[in-house]
Structures are given as structure tokens and as C-alpha cells.
Amino acid sequence: MSIVLILFCVLSAVTLATAFLTIFSKNPIHSAIYLVICFFSIAGHYLLMNSQFLAIVHVIVYSGAIMILFLFTIMLMNLNKENEVHKPRITRLGAIVSFCLICFVLILIFINSNPIVGEYITTGEDFQSIKVLGKVLLNEYMVPFEYASILLLVAMIGTVLLSKKEKLEK
Amino acid sequence: MNNILNQIGIENYIFLCVILFCIGVFGVLYRRNAIIVFMSIEIMLNAVNLLFVAFSTYHQDAQGQIFVFFSMAVAAAEVAVGLAILVSIFRNSGTIDVANLKNLKG
């Protein structure tokens, strides 16, 4: 076993374990912390595939922005006590059964379709540094890039409008 | 720099992403806390992003990574709006239990 494969196995184990713990932990703050660890291990996967810029953006956006948003919302709602009622047992059982079934079906589809995995080519040219990504983003994907900025602007306005306190009717 | 997938194999990444996606689906079905449901949706989005990057490495092409950037932007917008909606739901009804949100049932 090469060292890369061992690294991949460790990272995958961390990812899956923390994803499960996110769902199973009672306290929402613990869930958020486990989710941060999960995101960091996914950034590790990106680094393993040598896409440094994407890994850094992932850490900044997910572990930085989104998780802070989650943590602040949890604190705002004062949810850090463990008073959640569970779903009825039949629903939970159904969730577990459907989880196993979806996993089983998706993996079996992949195995039975016998995909032809060709040689792993190496073109040798750089395709995932900031320079190349920026060129592709601003040449071929110019219009979607602008639309993404409009989307973020609209989301910001919508968030401000939604979380504004409504005026009391007289 | 040789292709890293020589040593790992694209199949392992596909299995990992399938299981991660299913964990997300499981979280949506299993929990009643709306914030945890949101976190499960994030897990699903991340599984798909990871598969995009794996295939971008497989084809040695940058387009997959561009797609991941766009899905990250959409995810950020989605989380911001969703959490604002959750806060206003909490203000109105005092709970974010998804089982209690059935006012539209009629």
C-alpha cells in the first residue's frame, strides 16, 4: 500500500465518521463542530488531488463563512440544550432502511454497469493553478460568473429583508 | 507530477461520494431539527463537489473545478437565505422542529 492510499483511507474514514456524528449528536453545537472537521477533511481530499486553490477556497467558504453562520444561528435561537423530541420509531427505522437501500442500489448500479476505466493520463500541463483557473473562469465562463455575482447580491438583499424586524401594525 | 489517481483509483472516490451523499439523505430523513437538516444538505452538496473534482483530475481538465466554484456560490447563497428563513420561523412559532411546521396543511 502506498502512502497516498493510506492517506486517502484515513481522510475518508474521518469524513464518513464525522458526517455520521453530525447527524447523531444531540447537541446542535457539537454537530456544527463535527461538520467543520468533515469539511476540513474534504479540503484534505482536494489537496490530495493537488487542487490547492480549490482547497483554500473550500476552507474559507465552508469552514469560515457557512459554519460561522450556522453557529451564530444556533446561538441566536438558544438551541444548545438537548430537548429535541425524536421522531417516532417507525420513521427512524424507515430512514435507516432507506439509507441502506439507497447506498446498496447506487453502489450496485456502479458495479454492475462495468464502467471502462481507461489509463490515468497525465498531460503534464498545469490545469488547476490559480492562473489557469482564472483564465478559464473569465474567458469561457464569463457570463455565469457575472450571474453568480447577481445571485449573491440578490441573496444578500433577501437575507436582510427576511431577518429585518417587522414593524408592528398600529 | 503523475496523476494521483494512479495510486487511488477513481472507483474509491465514487464509493466515498456515494456513501457521503447517502449519509446526507439519511440525515434529512432522520432528524427533526431544521438546522441539522440544513447541515445534511451541505454534506450532500459537498459529496457532489468532491466527485466533480475527482473527475476533473481524471480527465485532467479545469472545467470540473469551475463548476465546483459555481456550486459553492449557490450553496453560500442558499445557506444565508435558508438560515434567515429559519430565524424568522423561530421568531413566529418558537420552534424549528420540522414536524411542527404544518400550517399549510389546511
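Q: Helices are DSSP runs of H or I with at least four residues, strands are DSSP runs of E with at least two, and both are numbered from the N terminus; with that in hand, in which helix does Leu20(B) lie?
A: A word on the ground rules: this is a predicted model, where local features need pLDDT of at least 70 and side-chain atom pairs count only at pLDDT 80 or more, while totals for chains, interfaces and linings use all residues. Residues are numbered from 1 along each chain as its sequence is written, with chains lettered from A and ligands numbered from 1 in the order in which they are written. As for Leu20(B), its place in chain B is helix α2.

Q: Is Leu20(B) buried or exposed?
A: A residue is buried if 20 or more other C-beta atoms lie within 10 Å of its own, exposed if 12 or fewer, and partly exposed in between, with C-beta atoms placed from the backbone. Leu20(B) has 22 other C-beta atoms within 10 Å, so it counts as buried.

Q: Which residues does Leu20(B) touch, leaving aside those up to four places away in sequence?
A: Two residues are in contact if their C-beta atoms, placed from the backbone, lie within 7 Å. Leu20(B) and Ser40(B), 20 residues apart in sequence, are 9.8 Å apart from C-alpha to C-alpha. The contacts of Leu20(B) involve both chains: Thr15(A), Leu16(A), Ala19(A), Ile43(B) and Ala47(B).

Q: Which helix gives the most to the side of chain A that touches chain B?
A: The contact draws on 67 residues from chain A and 61 residues from chain B. On the chain A side, α1 (3-24), α2 (28-48), α3 (52-77), α4 (89-112), α5 (130-139) and α6 (142-163) each supply at least two residues. With 11 residues, the top contributor is α3(A).

Q: How many residues on the side of chain A that touches chain B are charged?
A: Ala, Val, Leu, Ile, Met, Phe, Trp, Tyr, Cys and Pro count as nonpolar, Asp, Glu, Lys and Arg as charged, and the others, Gly among them, as polar. This side has 48 nonpolar and 16 polar residues, and the number of charged ones is 3.

Q: What is the radius of gyration of chain B?
A: Chain B has 4 helices and 0 strands, and its C-alpha trace spans about 60 × 25 × 20 Å along the principal axes. The radius of gyration is taken over C-alpha atoms, and the globule rule is 2.2 Å times the number of residues to the power 0.38. That rule gives 13 Å for 106 residues, so chain B is more spread out than a compact globule, with a value of 18 Å.

Q: What share of the residues in chain A is buried?
A: Chain A comes to 6 helices and 0 strands. A compact globule of 170 residues would have a radius of gyration near 15 Å, but chain A has 21 Å. For chain B, buried residues make up 44% of its 106 residues; for the 170 residues of chain A, the share is 19%.

Q: What is the phi of Asn50(A) near?
A: Most residues other than glycine have a negative phi. Asn50(A) is in the loop between α2 and α3 of chain A, and it counts as partly exposed because it has 16 C-beta neighbours inside 10 Å. Its phi is positive, near 70°.
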